[in-house]
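Please open the model in your viewer and keep the selection panel at hand. The stops below follow one another as a short tour.

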Amino acid sequence: VLKEFGLPREALGWSLVGFNTGVELGQLAIVVPCAAALAALRRHSAVAGARVAVIGSVVVALAGTWWFVQRVFFPGG
């Protein structure tokens, strides 16, 4: 895909490193505040923290299942 942008061959490696670094920083920008909020919730109420953890896990599992089915059984759509 990077070749399609017309980048010189020498710049492909640095472009890939820069892109991946940006993706990881973006993930950290979401995960760190969410983890801190969940830790604070657990300190406040263990029951509420457990409920949020279970509900969040179910949502992630359903999203993963949906993505799997979509990619495996409907690759062009």
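In which helix does Ala 48 lie? Select Ala 48 and you will find that residue in helix H2, where helices are DSSP runs of H or I with at least four residues, strands are runs of E with at least two, and both are numbered from the N terminus. Before going further, note that this is a predicted model, in which local features need pLDDT of at least 70 and side-chain atom pairs count only at pLDDT 80 or more, while totals for chains, interfaces and linings use all residues. Residues are numbered from 1 along each chain as its sequence is written, and side-chain values use heavy atoms, with hydrogens and water left out.

Stay on Ala 48, which counts as partly exposed at 25% relative accessibility; buried means under 20% relative accessible area, exposed over 50%, and partly exposed in between, with a 1.4 Å probe and protein chains only.

Next, select residues 12–44 as helix H1 and residues 46–73 as helix H2, which pack at an angle of about 140 degrees with their axes 5 Å apart. The axes are lines fitted to C-alpha atoms, for helices over the stretch in contact, and the angles run from 0 to 180 degrees between N-to-C directions. H1 and H2 are therefore oblique to each other, given that angles under 35 degrees count as roughly parallel, over 145 as roughly antiparallel, 65 to 115 as roughly perpendicular and the rest as oblique. On the H1 side, the contact (heavy atoms within 4.5 Å) is made by Leu 38, Leu 41, Arg 42 and His 44, and the H2 residues that meet them include Ala 48, Gly 49 and Val 52.

Move along H1 to Trp 14, which is exposed, with a relative accessible area of 70%. A distance drawn from Trp 14 to Leu 41 spans 40 Å, C-alpha to C-alpha, for 27 residues of sequence separation.

Then select Arg 9 in the segment before H1; Arg 9 is exposed, at 65% relative accessible area. Between Arg 9 and Ala 46 there are 54 Å in space, C-alpha to C-alpha, and the two are 37 residues apart in sequence.

Finally, zoom out to the protein chain, which has two helices and zero strands. Its C-alpha atoms fill a box of roughly 55 × 30 × 10 Å, taken along the principal axes, and buried residues make up 3% of its 77 residues.
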